[in-house]
Amino acid sequence: MAEPTVRVSGTVLASLMFQHLNSDSDVEGLVLGEGRIEEQVTISDSQADHIHIEETYNVQKHIACHRLNTLYSNTGDVNMEAVQKMLVENKQESVIGWYRQRRNTEQQMTLREKLIHENLKNVLSNPHMIFLLLTSSKVTPSGSTHRIEYSAFISRSRSRFFSSDGLLKEVKEVNSMNESLQVELQKSCRDVEESERLVEALQAEVCSLRRRLKEKQQKEAAEEPEPVHPSHQRNVLLQDSVSSLSCCPLFCSQTLNLQGFPLPDVSTVTQVNADSPPADRNRKRPREEPMGGDRKRRRS
């Protein structure tokens, strides 16, 4: 498919330039004319069929807006009432695009102009609309000489299936890319399915292990005897230790005499006397007699 061609007659171009130079601000409006798309097929015996598509737009008239931002709102939405007022004596099918005149700017569409262009295509139901841009700049510092340039832009909202020589090369590339995408998509779907099944198996195994662990804990809790309180065991051991120490004579207090010998305990003597028989308690101790010459004679 060849590049589209935009043809502007000398009269229309001169009118656009005159309007641009005699205005103090930017100017915009609609472009009227006709567009033609021709398809030429060359058949020969030596090579395959050659398809050549030629797209031509003839600009026949232009309608200027009285002020800026008349065709669209601040958000870029097209004002259909304003368009119909401008097309009082013309048909809507004759609109092939719109134009804008700017000063001291580059020959490029702005983001706002691209948005408005797409909205005009949708509202007017014309996918082959053109945008005509005219820019002027001073050539000399004094401003005695000016230069005016113009360019036409056409946006494509679909894929280009035809190459410059007319062959359907890009169609084969698109089909090949589509097949590759389908293969990769099927592979990804299989991988996702396998991973989901693995996750389900792991979840079932985890639930089974949790159930078995709970049953085991309940069984062990039922069979396990009542544990003895550790504090009670420590108290018993302490009591036994204190009792053994209290019975040891080394840890008992004793009373000593002047010579350093221990005196018998009063409680012990009392206990011994209490345990002795009564006959022994009433018996008188024998009188000790002196030995040898110390013994006295009794007088008759």
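How accessible is N104: buried, partly exposed or exposed? N104 counts as exposed, because its relative accessibility is 61%; here buried means under 20% relative accessible area, exposed over 50%, and partly exposed in between, with a 1.4 Å probe and protein chains only. This is a predicted model, in which local features need pLDDT of at least 70, side-chain atom pairs count only at pLDDT 80 or more, and totals for chains, interfaces and linings use all residues. Residues are numbered from 1 along each chain as its sequence is written, and side-chain values use heavy atoms, with hydrogens and water left out.

**View 1. The whole protein, to get your bearings.**
Welcome to the overview: the secondary structure comes to 7 helices and 6 strands. Helices (H or I, at least four residues) and strands (E, at least two) are DSSP runs, numbered from the N terminus. Followed from the N terminus, the elements run β-α-β-β-α-β-α-β-β-α-α-α-α. Of the 300 residues in the protein, 20% are buried. The protein exposes about 23900 Å², with carbon and sulfur atoms supplying 53% of it; accessible areas come from the Shrake-Rupley method with a 1.4 Å probe, and for residues only the protein chains shown count as cover. A contact means heavy atoms within 4.5 Å. Among contacts between residues at least 6 apart in sequence, 66% join residues at least 24 apart.

**View 2. The largest nonpolar core and L71 within it.**
In soluble globular proteins, nonpolar side chains tend to be buried together. A nonpolar core is a set of buried Ala, Val, Leu, Ile, Met, Phe, Trp, Tyr and Cys residues joined through side-chain atoms within 4.5 Å. The largest one here has 19 residues, and L30, L71, V83, L87 and L120 have the most contacts inside it. At least two residues of this core come from each of β2 (27–42), α2 (80–86), β4 (95–103), α3 (111–124) and β5 (130–138). Helix α3 gives the most, with 3 residues. Another core, of 11 residues, lies apart from it and includes L16, I130, L132 and L134. Now look at L71: leaving out residues up to four places away in sequence, L71 touches G29, L30, C65, D77, V78, N79, V83 and M86.

**View 3. R100 and its salt bridges to D26 and E28.**
Side chains of opposite charge can pair when their charged atoms come close. A salt bridge is a side-chain nitrogen of Lys or Arg within 4 Å of a carboxyl oxygen of Asp or Glu, and the structure holds 7 of them. In one, D26 pairs with R100, the closest N and O atoms being 3.9 Å apart. This pair links distant parts of the chain, with D26 in the loop between α1 (10–21) and β2 and R100 in strand β4, 74 residues apart. R100 is buried because its relative accessible area is 13%, while D26, at 26% relative accessibility, counts as partly exposed. The side chains of R100 and E28 also meet in a salt bridge, at 2.6 Å from N to O. Here too distant parts of the chain are linked: R100 is in strand β4 and E28 in strand β2, 72 residues apart. E28 counts as buried, at 1% relative accessibility. A network of salt bridges links D26, E28, R100, R102 and E113.

R197 and E193 form a salt bridge at 2.7 Å, N to O. R197 counts as exposed at 55% relative accessibility, and E193 is partly exposed at 40% relative accessible area. V174 itself is partly exposed, at 34% relative accessible area.

Most residues other than glycine have a negative phi, and most peptide bonds are trans. S125 counts as exposed, at 63% relative accessibility.
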